[in-house]
Amino acid sequence: MKHLVVACFCLLSLLQDPPAGTPFTGRWVVRTDNGDGTFRQTVFALDQRGSKLTGRVINPTNEQPIVDGNVMGDNASFAVVTGRPPNERRVEYQATRQEISLAIRVTRPGQSLQLLTAMRGPATAGDAPARIDPPALHRVPDNGLARTPPMGWNSWNHFRGRVDEATVRSIADAMVSTGMKAAGYTYVNIDDTWEAGRDASGAILTNRKFPDMKALADYVHGKGLKLGIYSSPGPHTCAGYEGSYGHEVQDARTYAAWGIDYLKYDWCGAGRIYKDEEMQAVYQKMGDALRESGRDIVYSLCQYGRNNVWIWGPQVGGNLWRTTGDIGDSWESMTRIGFGQDALAPHAGPGHWNDPDMLEIGNGGMTATEYRTHMSLWAMLAAPLLAGNDLRSMSPETVAILTNREVIAIDQDPLGKQGHRLRADGAIEVWARPLASGAQAVALFNRGQSPARISVRWSELGMQSAHTVRDVWTGRDVRGAGEEYSADVEPHGVALLRIDR
Ligand code: GLA
(Lines give C-alpha, C1' and ligand atoms only; values in the text may rest on other atoms or scores of the structure.)
Protein backbone atom coordinates (compact mmCIF):
# COMPACT_ATOMS: atom_id res chain seq x y z
CA MET A 1 0.00 0.00 0.00
CA LYS A 2 2.77 2.37 1.05
CA HIS A 3 4.62 1.67 -2.19
CA LEU A 4 1.52 2.31 -4.19
CA VAL A 5 1.04 5.70 -2.57
CA VAL A 6 4.66 6.65 -3.23
CA ALA A 7 4.40 5.43 -6.85
CA CYS A 8 1.20 7.37 -7.37
CA PHE A 9 2.73 10.46 -5.83
CA CYS A 10 5.80 10.18 -8.08
CA LEU A 11 3.67 9.73 -11.16
CA LEU A 12 1.58 12.70 -10.19
CA SER A 13 4.59 14.90 -9.64
CA LEU A 14 6.13 13.71 -12.92
CA LEU A 15 2.95 14.69 -14.70
CA GLN A 16 2.86 18.03 -12.96
CA ASP A 17 6.57 18.74 -13.56
CA PRO A 18 7.20 20.96 -16.53
CA PRO A 19 9.27 19.21 -19.18
CA ALA A 20 13.06 19.60 -19.44
CA GLY A 21 13.88 23.19 -20.28
CA THR A 22 11.79 24.47 -17.41
CA PRO A 23 12.16 28.23 -17.74
CA PHE A 24 14.19 28.91 -14.59
CA THR A 25 16.01 25.60 -14.16
CA GLY A 26 19.77 25.76 -14.76
CA ARG A 27 22.91 27.67 -13.79
CA TRP A 28 22.63 31.40 -14.31
CA VAL A 29 25.85 33.37 -14.20
CA VAL A 30 26.26 37.05 -13.31
CA ARG A 31 29.64 38.58 -14.14
CA THR A 32 30.30 41.85 -12.33
CA ASP A 33 33.08 43.97 -13.78
CA ASN A 34 35.65 44.80 -11.07
CA GLY A 35 37.02 47.59 -13.27
CA ASP A 36 40.56 46.18 -13.28
CA GLY A 37 40.22 43.57 -16.01
CA THR A 38 38.76 40.97 -13.64
CA PHE A 39 35.18 39.91 -13.01
CA ARG A 40 33.37 38.66 -9.96
CA GLN A 41 31.06 35.75 -10.64
CA THR A 42 27.80 34.95 -8.88
CA VAL A 43 25.96 31.82 -9.93
CA PHE A 44 22.26 31.15 -9.39
CA ALA A 45 21.79 27.36 -9.45
CA LEU A 46 18.02 27.13 -9.86
CA ASP A 47 15.66 24.19 -9.96
CA GLN A 48 12.04 24.87 -10.89
CA ARG A 49 9.31 22.34 -10.13
CA GLY A 50 6.01 23.82 -11.14
CA SER A 51 5.59 26.97 -9.13
CA LYS A 52 8.28 26.00 -6.62
CA LEU A 53 11.86 27.21 -6.96
CA THR A 54 14.78 25.75 -5.03
CA GLY A 55 18.55 25.89 -5.44
CA ARG A 56 21.53 27.93 -4.27
CA VAL A 57 23.17 31.30 -4.75
CA ILE A 58 26.90 30.67 -5.18
CA ASN A 59 29.43 33.41 -4.56
CA PRO A 60 33.22 32.97 -4.81
CA THR A 61 33.55 32.44 -1.07
CA ASN A 62 30.24 30.94 -0.01
CA GLU A 63 26.94 29.52 -1.13
CA GLN A 64 23.49 29.83 0.39
CA PRO A 65 20.41 27.68 -0.12
CA ILE A 66 17.39 29.42 -1.55
CA VAL A 67 14.44 29.82 0.78
CA ASP A 68 10.86 30.79 -0.14
CA GLY A 69 11.30 30.32 -3.91
CA ASN A 70 8.17 30.79 -6.05
CA VAL A 71 7.53 31.08 -9.78
CA MET A 72 4.60 32.85 -11.41
CA GLY A 73 4.85 32.71 -15.19
CA ASP A 74 7.99 34.58 -16.24
CA ASN A 75 8.63 35.89 -12.74
CA ALA A 76 10.31 34.24 -9.80
CA SER A 77 10.94 35.47 -6.29
CA PHE A 78 13.29 33.88 -3.81
CA ALA A 79 15.54 34.74 -0.88
CA VAL A 80 18.70 33.62 0.91
CA VAL A 81 19.82 34.23 4.46
CA THR A 82 23.44 35.38 4.83
CA GLY A 83 25.63 35.88 7.91
CA ARG A 84 25.89 33.91 11.11
CA PRO A 85 23.60 34.28 14.12
CA PRO A 86 22.90 36.80 15.54
CA ASN A 87 23.83 38.81 12.44
CA GLU A 88 21.76 37.05 9.79
CA ARG A 89 20.22 39.12 7.03
CA ARG A 90 17.76 38.19 4.35
CA VAL A 91 18.57 39.02 0.75
CA GLU A 92 15.53 39.08 -1.59
CA TYR A 93 15.63 38.42 -5.34
CA GLN A 94 13.02 39.11 -8.04
CA ALA A 95 13.94 37.40 -11.33
CA THR A 96 12.22 37.92 -14.69
CA ARG A 97 12.78 35.71 -17.73
CA GLN A 98 14.01 37.68 -20.73
CA GLU A 99 14.67 36.19 -24.14
CA ILE A 100 18.04 34.64 -23.29
CA SER A 101 18.76 35.99 -19.84
CA LEU A 102 17.34 36.60 -16.39
CA ALA A 103 16.90 40.13 -15.09
CA ILE A 104 17.38 40.01 -11.32
CA ARG A 105 16.54 42.71 -8.80
CA VAL A 106 18.36 42.31 -5.48
CA THR A 107 17.15 43.88 -2.26
CA ARG A 108 19.54 43.88 0.70
CA PRO A 109 18.47 45.42 4.01
CA GLY A 110 19.75 48.97 4.27
CA GLN A 111 21.18 49.02 0.74
CA SER A 112 19.93 50.40 -2.54
CA LEU A 113 18.32 48.10 -5.09
CA GLN A 114 20.77 46.23 -7.34
CA LEU A 115 19.97 45.13 -10.90
CA LEU A 116 21.77 42.10 -12.37
CA THR A 117 21.71 40.29 -15.69
CA ALA A 118 22.35 36.55 -15.54
CA MET A 119 23.20 34.42 -18.58
CA ARG A 120 22.91 30.65 -18.84
CA GLY A 121 26.17 28.95 -17.86
CA PRO A 122 27.55 25.40 -17.93
CA ALA A 123 26.08 22.80 -15.56
CA THR A 124 29.19 23.07 -13.34
CA ALA A 125 29.28 26.89 -13.12
CA GLY A 126 30.13 27.98 -9.59
CA ASP A 127 31.19 24.54 -8.38
CA ALA A 128 34.20 24.53 -6.04
CA PRO A 129 37.26 22.77 -7.48
CA ALA A 130 37.97 19.21 -6.36
CA ARG A 131 39.25 18.90 -2.83
CA ILE A 132 43.00 18.53 -2.28
CA ASP A 133 43.57 16.72 1.00
CA PRO A 134 45.59 18.80 3.44
CA PRO A 135 49.05 17.48 4.44
CA ALA A 136 49.92 15.62 7.64
CA LEU A 137 50.85 17.94 10.47
CA HIS A 138 54.43 18.79 11.36
CA ARG A 139 56.16 21.79 12.90
CA VAL A 140 57.35 24.48 10.48
CA PRO A 141 60.62 25.92 11.85
CA ASP A 142 60.58 29.50 13.16
CA ASN A 143 61.58 31.88 10.36
CA GLY A 144 63.31 34.22 12.83
CA LEU A 145 61.24 37.24 11.71
CA ALA A 146 58.99 39.66 13.63
CA ARG A 147 60.88 39.61 16.93
CA THR A 148 58.72 42.61 17.76
CA PRO A 149 55.19 43.14 16.39
CA PRO A 150 55.28 44.11 12.69
CA MET A 151 54.78 47.82 11.94
CA GLY A 152 53.63 49.26 8.66
CA TRP A 153 50.56 50.10 6.62
CA ASN A 154 47.83 48.07 4.93
CA SER A 155 45.55 49.21 2.11
CA TRP A 156 42.26 47.60 3.16
CA ASN A 157 40.74 49.77 5.88
CA HIS A 158 40.85 52.94 3.82
CA PHE A 159 41.16 51.95 0.15
CA ARG A 160 39.39 48.56 -0.09
CA GLY A 161 39.30 47.68 -3.82
CA ARG A 162 40.55 51.12 -4.88
CA VAL A 163 44.22 50.36 -4.20
CA ASP A 164 46.59 50.43 -7.18
CA GLU A 165 50.29 50.72 -7.92
CA ALA A 166 50.34 54.54 -8.05
CA THR A 167 48.63 54.67 -4.65
CA VAL A 168 51.07 52.23 -3.11
CA ARG A 169 54.05 54.19 -4.46
CA SER A 170 52.68 57.44 -3.07
CA ILE A 171 51.92 55.77 0.27
CA ALA A 172 55.54 54.60 0.42
CA ASP A 173 56.66 58.18 -0.30
CA ALA A 174 54.37 59.46 2.46
CA MET A 175 55.61 56.82 4.89
CA VAL A 176 59.03 58.44 4.59
CA SER A 177 58.03 62.13 4.34
CA THR A 178 55.62 62.08 7.30
CA GLY A 179 58.15 60.51 9.67
CA MET A 180 56.28 57.20 9.87
CA LYS A 181 59.32 55.30 8.61
CA ALA A 182 61.58 57.02 11.12
CA ALA A 183 59.11 56.01 13.85
CA GLY A 184 59.47 52.35 12.87
CA TYR A 185 56.76 51.69 10.27
CA THR A 186 58.31 49.45 7.60
CA TYR A 187 55.84 47.22 5.76
CA VAL A 188 53.74 48.63 2.93
CA ASN A 189 51.09 45.94 2.54
CA ILE A 190 48.79 45.51 -0.45
CA ASP A 191 45.60 43.78 0.68
CA ASP A 192 42.97 42.11 -1.52
CA THR A 193 42.16 43.02 -5.17
CA TRP A 194 45.63 42.99 -6.81
CA GLU A 195 45.15 39.53 -8.34
CA ALA A 196 44.05 38.48 -11.82
CA GLY A 197 43.89 34.87 -12.97
CA ARG A 198 46.77 32.54 -13.84
CA ASP A 199 48.79 32.03 -16.99
CA ALA A 200 49.03 28.72 -18.85
CA SER A 201 51.76 27.52 -16.49
CA GLY A 202 49.61 28.35 -13.46
CA ALA A 203 51.62 31.43 -12.42
CA ILE A 204 49.54 34.06 -10.64
CA LEU A 205 48.97 37.25 -12.63
CA THR A 206 48.43 40.78 -11.41
CA ASN A 207 45.45 42.76 -12.70
CA ARG A 208 45.52 46.12 -14.50
CA LYS A 209 45.92 48.05 -11.25
CA PHE A 210 49.34 46.47 -10.63
CA PRO A 211 51.14 46.30 -13.96
CA ASP A 212 54.56 45.38 -12.54
CA MET A 213 54.83 43.99 -9.02
CA LYS A 214 58.62 43.51 -9.21
CA ALA A 215 59.14 47.15 -10.19
CA LEU A 216 56.84 48.20 -7.32
CA ALA A 217 58.84 46.08 -4.85
CA ASP A 218 62.08 47.63 -6.13
CA TYR A 219 60.60 51.09 -5.63
CA VAL A 220 59.45 50.34 -2.09
CA HIS A 221 62.78 48.70 -1.23
CA GLY A 222 64.56 51.75 -2.65
CA LYS A 223 62.93 53.77 0.13
CA GLY A 224 64.21 51.41 2.78
CA LEU A 225 60.74 49.90 3.22
CA LYS A 226 59.31 46.43 2.64
CA LEU A 227 56.41 45.24 0.50
CA GLY A 228 53.59 42.97 1.62
CA ILE A 229 50.95 41.12 -0.35
CA TYR A 230 47.74 39.17 0.27
CA SER A 231 46.22 35.86 -0.77
CA SER A 232 43.92 33.05 0.38
CA PRO A 233 44.39 29.31 0.86
CA GLY A 234 41.06 28.93 -0.97
CA PRO A 235 40.30 29.19 -4.68
CA HIS A 236 39.09 32.77 -4.06
CA THR A 237 39.90 35.62 -1.70
CA CYS A 238 37.28 37.43 0.36
CA ALA A 239 36.72 39.95 -2.45
CA GLY A 240 36.33 37.10 -4.94
CA TYR A 241 39.79 37.36 -6.53
CA GLU A 242 42.15 34.49 -7.40
CA GLY A 243 43.43 32.58 -4.34
CA SER A 244 46.42 30.25 -3.93
CA TYR A 245 44.49 26.96 -3.72
CA GLY A 246 46.61 24.22 -5.31
CA HIS A 247 49.33 26.75 -6.22
CA GLU A 248 50.92 27.39 -2.83
CA VAL A 249 54.51 26.52 -3.76
CA GLN A 250 54.28 28.29 -7.09
CA ASP A 251 52.81 31.45 -5.51
CA ALA A 252 55.42 31.56 -2.73
CA ARG A 253 58.14 31.36 -5.41
CA THR A 254 56.47 34.13 -7.41
CA TYR A 255 56.27 36.34 -4.30
CA ALA A 256 59.94 35.69 -3.59
CA ALA A 257 60.89 36.49 -7.20
CA TRP A 258 58.94 39.77 -7.02
CA GLY A 259 60.67 40.70 -3.74
CA ILE A 260 57.68 40.37 -1.41
CA ASP A 261 58.47 40.54 2.32
CA TYR A 262 55.10 39.82 3.99
CA LEU A 263 52.07 37.67 3.19
CA LYS A 264 48.61 38.05 4.73
CA TYR A 265 46.82 34.76 4.07
CA ASP A 266 43.06 35.08 4.41
CA TRP A 267 40.83 32.01 4.91
CA CYS A 268 37.61 33.13 3.12
CA GLY A 269 37.27 30.93 0.01
CA ALA A 270 38.99 27.99 1.73
CA GLY A 271 35.79 27.61 3.75
CA ARG A 272 34.08 26.13 0.67
CA ILE A 273 36.56 23.23 0.66
CA TYR A 274 37.88 22.72 4.18
CA LYS A 275 36.44 22.53 7.66
CA ASP A 276 37.69 24.85 10.40
CA GLU A 277 39.40 21.84 12.06
CA GLU A 278 41.62 21.52 8.96
CA MET A 279 42.96 25.08 9.17
CA GLN A 280 46.24 24.13 10.79
CA ALA A 281 47.21 21.74 7.98
CA VAL A 282 46.01 24.16 5.32
CA TYR A 283 48.03 27.06 6.81
CA GLN A 284 51.04 24.79 7.29
CA LYS A 285 51.13 24.24 3.53
CA MET A 286 51.84 27.90 2.83
CA GLY A 287 54.14 28.09 5.88
CA ASP A 288 56.30 25.41 4.27
CA ALA A 289 56.06 27.04 0.85
CA LEU A 290 57.22 30.41 2.18
CA ARG A 291 60.20 28.84 3.93
CA GLU A 292 61.13 26.90 0.82
CA SER A 293 60.90 30.08 -1.26
CA GLY A 294 64.28 31.09 0.15
CA ARG A 295 63.14 34.63 1.00
CA ASP A 296 62.35 36.11 4.40
CA ILE A 297 58.58 36.57 4.26
CA VAL A 298 56.56 37.44 7.37
CA TYR A 299 53.57 35.10 7.54
CA SER A 300 50.30 36.66 8.72
CA LEU A 301 47.37 34.29 9.29
CA CYS A 302 43.94 35.78 8.80
CA GLN A 303 41.11 33.48 9.82
CA TYR A 304 39.31 35.73 12.27
CA GLY A 305 40.46 33.97 15.45
CA ARG A 306 38.67 30.73 14.64
CA ASN A 307 39.74 27.27 15.78
CA ASN A 308 42.04 28.54 18.58
CA VAL A 309 44.66 29.74 16.10
CA TRP A 310 46.86 31.07 18.95
CA ILE A 311 47.55 27.45 19.97
CA TRP A 312 48.81 26.23 16.56
CA GLY A 313 49.74 29.50 14.81
CA PRO A 314 53.46 29.28 15.66
CA GLN A 315 53.61 25.62 14.56
CA VAL A 316 52.63 26.50 10.98
CA GLY A 317 55.29 29.22 10.83
CA GLY A 318 52.83 32.03 11.57
CA ASN A 319 54.33 35.31 12.79
CA LEU A 320 50.93 36.78 13.62
CA TRP A 321 47.33 35.67 13.52
CA ARG A 322 44.10 37.59 13.53
CA THR A 323 42.17 37.03 16.74
CA THR A 324 38.87 38.62 15.66
CA GLY A 325 36.58 39.52 12.78
CA ASP A 326 37.17 42.73 10.86
CA ILE A 327 37.61 45.99 12.72
CA GLY A 328 35.43 48.98 11.80
CA ASP A 329 36.22 52.67 12.24
CA SER A 330 34.01 53.11 15.30
CA TRP A 331 34.45 53.30 19.07
CA GLU A 332 32.12 50.33 19.47
CA SER A 333 34.09 48.06 17.12
CA MET A 334 37.53 49.13 18.30
CA THR A 335 36.76 48.72 22.02
CA ARG A 336 34.84 45.46 21.56
CA ILE A 337 37.92 44.01 19.87
CA GLY A 338 40.64 45.68 21.94
CA PHE A 339 39.19 45.08 25.39
CA GLY A 340 38.31 41.51 24.41
CA GLN A 341 41.92 40.36 24.07
CA ASP A 342 42.88 39.82 27.72
CA ALA A 343 42.69 36.01 27.77
CA LEU A 344 45.04 35.69 24.79
CA ALA A 345 48.00 37.40 26.47
CA PRO A 346 49.94 34.18 27.20
CA HIS A 347 50.10 33.30 23.50
CA ALA A 348 52.00 36.36 22.26
CA GLY A 349 55.77 36.57 22.21
CA PRO A 350 58.77 37.39 20.01
CA GLY A 351 58.12 36.00 16.52
CA HIS A 352 54.43 35.18 17.05
CA TRP A 353 51.81 37.78 17.87
CA ASN A 354 48.08 38.08 18.44
CA ASP A 355 46.65 40.40 15.79
CA PRO A 356 43.49 42.30 16.79
CA ASP A 357 43.38 43.78 13.24
CA MET A 358 44.72 46.89 11.60
CA LEU A 359 44.53 50.42 12.94
CA GLU A 360 41.70 52.79 12.06
CA ILE A 361 43.54 55.88 13.36
CA GLY A 362 43.01 58.82 11.00
CA ASN A 363 40.07 57.33 9.10
CA GLY A 364 37.60 59.78 10.62
CA GLY A 365 35.10 57.63 12.50
CA MET A 366 36.49 58.34 15.98
CA THR A 367 37.70 61.41 17.88
CA ALA A 368 41.38 62.10 18.50
CA THR A 369 40.85 61.05 22.12
CA GLU A 370 39.37 57.74 20.96
CA TYR A 371 42.20 57.20 18.49
CA ARG A 372 44.73 57.75 21.33
CA THR A 373 42.87 55.06 23.25
CA HIS A 374 43.04 52.81 20.15
CA MET A 375 46.81 53.34 19.83
CA SER A 376 47.37 52.88 23.59
CA LEU A 377 45.33 49.70 23.72
CA TRP A 378 47.12 48.19 20.72
CA ALA A 379 50.48 49.11 22.32
CA MET A 380 49.46 47.45 25.58
CA LEU A 381 48.43 44.36 23.57
CA ALA A 382 51.80 44.11 21.79
CA ALA A 383 49.68 44.22 18.64
CA PRO A 384 51.01 44.66 15.12
CA LEU A 385 50.80 48.36 14.26
CA LEU A 386 49.52 48.48 10.69
CA ALA A 387 48.17 51.91 9.92
CA GLY A 388 44.99 51.67 7.87
CA ASN A 389 44.53 55.29 6.80
CA ASP A 390 45.63 57.47 3.88
CA LEU A 391 49.16 58.45 4.89
CA ARG A 392 49.23 61.13 2.17
CA SER A 393 46.66 63.36 3.83
CA MET A 394 47.10 63.01 7.59
CA SER A 395 46.33 65.79 10.05
CA PRO A 396 49.21 66.73 12.36
CA GLU A 397 47.16 65.18 15.18
CA THR A 398 46.96 61.83 13.36
CA VAL A 399 50.71 61.90 12.70
CA ALA A 400 51.32 62.68 16.36
CA ILE A 401 49.19 59.73 17.47
CA LEU A 402 50.73 57.24 15.05
CA THR A 403 54.33 58.32 15.63
CA ASN A 404 54.47 58.89 19.39
CA ARG A 405 57.86 57.31 20.14
CA GLU A 406 57.13 56.37 23.73
CA VAL A 407 53.85 54.65 22.87
CA ILE A 408 55.57 52.78 20.03
CA ALA A 409 58.35 51.78 22.43
CA ILE A 410 55.75 50.12 24.65
CA ASP A 411 54.30 48.23 21.68
CA GLN A 412 57.76 47.23 20.47
CA ASP A 413 59.19 46.32 23.87
CA PRO A 414 61.72 43.51 23.28
CA LEU A 415 60.41 41.38 26.15
CA GLY A 416 57.35 40.84 23.96
CA LYS A 417 54.91 40.24 26.81
CA GLN A 418 51.34 41.20 26.00
CA GLY A 419 49.59 43.38 28.58
CA HIS A 420 46.69 42.15 30.65
CA ARG A 421 43.73 43.57 32.55
CA LEU A 422 44.53 44.25 36.19
CA ARG A 423 41.07 45.41 37.08
CA ALA A 424 37.77 46.46 35.53
CA ASP A 425 35.16 48.40 37.43
CA GLY A 426 32.22 49.58 35.34
CA ALA A 427 33.61 51.81 32.63
CA ILE A 428 37.07 51.91 34.23
CA GLU A 429 39.78 49.48 33.18
CA VAL A 430 43.37 49.32 34.40
CA TRP A 431 45.83 47.31 32.31
CA ALA A 432 49.52 46.57 32.90
CA ARG A 433 52.34 45.33 30.71
CA PRO A 434 55.80 44.31 31.98
CA LEU A 435 58.68 45.81 30.00
CA ALA A 436 62.18 44.52 29.38
CA SER A 437 63.76 47.22 31.58
CA GLY A 438 61.79 46.05 34.62
CA ALA A 439 59.46 49.03 34.25
CA GLN A 440 55.76 48.54 33.60
CA ALA A 441 53.42 50.17 31.15
CA VAL A 442 50.11 50.95 32.80
CA ALA A 443 46.98 52.16 31.03
CA LEU A 444 44.12 53.83 32.90
CA PHE A 445 41.18 53.56 30.50
CA ASN A 446 37.90 55.44 30.85
CA ARG A 447 35.35 53.70 28.61
CA GLY A 448 32.54 55.82 30.05
CA GLN A 449 30.73 58.98 28.99
CA SER A 450 31.88 61.21 31.86
CA PRO A 451 35.29 62.22 33.19
CA ALA A 452 36.72 59.86 35.80
CA ARG A 453 39.52 59.93 38.35
CA ILE A 454 41.41 56.63 37.99
CA SER A 455 44.06 55.33 40.38
CA VAL A 456 46.56 52.52 40.39
CA ARG A 457 48.28 51.37 43.58
CA TRP A 458 51.94 50.35 43.51
CA SER A 459 50.97 47.18 45.36
CA GLU A 460 48.70 46.17 42.48
CA LEU A 461 51.75 46.32 40.23
CA GLY A 462 53.87 44.29 42.65
CA MET A 463 55.90 47.40 43.43
CA GLN A 464 56.81 48.89 46.83
CA SER A 465 56.96 52.41 45.47
CA ALA A 466 57.52 54.10 42.15
CA HIS A 467 60.68 55.87 41.11
CA THR A 468 59.21 57.81 38.21
CA VAL A 469 55.85 57.84 36.55
CA ARG A 470 56.00 59.00 32.98
CA ASP A 471 52.79 60.04 31.20
CA VAL A 472 53.72 59.09 27.64
CA TRP A 473 50.99 61.11 25.88
CA THR A 474 51.71 64.37 27.70
CA GLY A 475 55.43 63.61 27.80
CA ARG A 476 55.64 64.65 31.46
CA ASP A 477 57.27 62.91 34.39
CA VAL A 478 54.76 62.91 37.21
CA ARG A 479 55.47 61.64 40.71
CA GLY A 480 52.99 59.42 42.42
CA ALA A 481 52.65 60.43 46.04
CA GLY A 482 52.12 57.82 48.74
CA GLU A 483 50.64 54.50 47.79
CA GLU A 484 49.31 55.19 44.33
CA TYR A 485 49.08 57.30 41.22
CA SER A 486 45.82 58.96 40.14
CA ALA A 487 44.86 60.74 36.96
CA ASP A 488 41.76 62.53 35.69
CA VAL A 489 40.83 60.77 32.46
CA GLU A 490 38.42 62.23 29.92
CA PRO A 491 35.49 60.21 28.54
CA HIS A 492 36.71 57.52 26.10
CA GLY A 493 40.25 58.56 27.02
CA VAL A 494 43.32 56.99 28.58
CA ALA A 495 46.30 57.89 30.72
CA LEU A 496 49.16 55.77 29.43
CA LEU A 497 52.02 55.53 31.90
CA ARG A 498 55.48 54.04 32.08
CA ILE A 499 56.28 53.34 35.71
CA ASP A 500 59.89 52.71 36.73
CA ARG A 501 60.85 51.06 39.94
C1 GLA B 1 38.74 39.92 5.07
C2 GLA B 1 39.86 40.34 6.00
C3 GLA B 1 40.12 41.83 5.82
C4 GLA B 1 40.48 42.10 4.37
C5 GLA B 1 39.38 41.60 3.45
C6 GLA B 1 39.79 41.70 1.99
O7 GLA B 1 37.53 40.51 5.41
O8 GLA B 1 39.55 40.05 7.33
O9 GLA B 1 41.15 42.25 6.68
O10 GLA B 1 41.70 41.48 4.08
O11 GLA B 1 39.06 40.25 3.72
O12 GLA B 1 38.85 41.16 1.13
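Where is Gly-313 found, and between which helix and which strand? Gly-313 sits in the loop that runs between helix H8 (309-312) and strand S17 (320-322). This is a predicted model. The protein has 501 residues, and 52% of them are buried. The chain is divided into domain 1 (4-121), domain 2 (151-411) and domain 3 (420-500).

**Overall build**

- The protein contains twelve helices and 27 strands.
- Its C-alpha trace spans about 90 × 50 × 45 Å along the principal axes.
- The accessible surface is about 21600 Å². Carbon and sulfur atoms hold 52% of that surface.
- Take the contacts with a separation of 6 or more: 63% of them join residues 24 or more positions apart.

**Domains 2 and 3**

- The centres of domain 2 and domain 3, taken over C-alpha atoms, are 31 Å apart.
- Domain 2 puts 23 residues in contact with 22 residues of domain 3.

**Gly-313**

- Gly-313 counts as buried because its relative accessibility is 0%, and the cut-off for buried is under 20%.
- Beyond its neighbours within four places in sequence, Gly-313 is in contact with Leu-301, Gly-318 and Trp-321.
- Gly-313 and Ala-118 are 195 residues apart along the chain. Their C-alpha atoms are separated by 41 Å.

**Cavities**

- The structure has two cavities of 30 Å³ or more.
- The largest cavity has a volume of about 60 Å³.
- Its lining is made up of Asn-154, Asn-189, Tyr-262, Lys-264, Ser-300, Arg-322, Asp-355, Asp-357, Met-358 and Leu-386.
- By class, the lining of the largest cavity has four charged, three polar and three nonpolar residues.
- The second largest cavity holds about 40 Å³ of space.
- Pro-134, Pro-135, Pro-233, Tyr-245, Glu-248, Tyr-274, Ala-281, Val-282 and Lys-285 line the second largest cavity.
- Helix H7 (residues 279-292) gives the most to the lining of the second largest cavity, with three residues.
- The lining of the second largest cavity has seven nonpolar residues, two charged and no polar.

**Backbone points to check**

- The peptide bond from Pro-85 to Pro-86 is cis, and its omega is near 0°.
- Pro-86 lies in the loop between strand S6 (75-82) and strand S7 (89-97).
- Ala-146 has a phi near 55°, a positive value in a residue other than glycine.
- The loop that holds Ala-146 runs between strand S9 (114-120) and strand S10 (151-154).
- Ala-146 is buried, because its relative accessible area is 15% and buried means under 20%.
- Asn-308 is not a glycine, yet its phi is positive, at about 50°.
- Asn-308 is found in the loop between strand S16 (298-302) and H8.
- Asn-308 has 45% relative accessibility, so it counts as partly exposed.

Methods:
Residues numbered from 1 in each chain as written. Predicted model: local features only at pLDDT ≥ 70, side-chain atom pairs only at ≥ 80, totals over all residues. Heavy atoms only, no water. 1 Å grid on protein atoms, 1.4 Å probe; cavity = no way out; pocket = protein on both sides within 12 Å on 5 of 7 lines; lining within 4 Å. Points joined across faces, edges and corners; volume = space filled by probe spheres on them. Nonpolar A, V, L, I, M, F, W, Y, C, P; charged D, E, K, R; others polar. Helix = DSSP H or I, 4+ residues; strand = E, 2+ residues; numbered from the N terminus. Buried < 20%, exposed > 50% of the residue type's maximum accessible area, 1.4 Å probe, protein only. Contact = heavy atoms within 4.5 Å. Areas by Shrake-Rupley, 256 points an atom, 1.4 Å probe, with all protein chains shown as cover. Domains from an automatic or database assignment.
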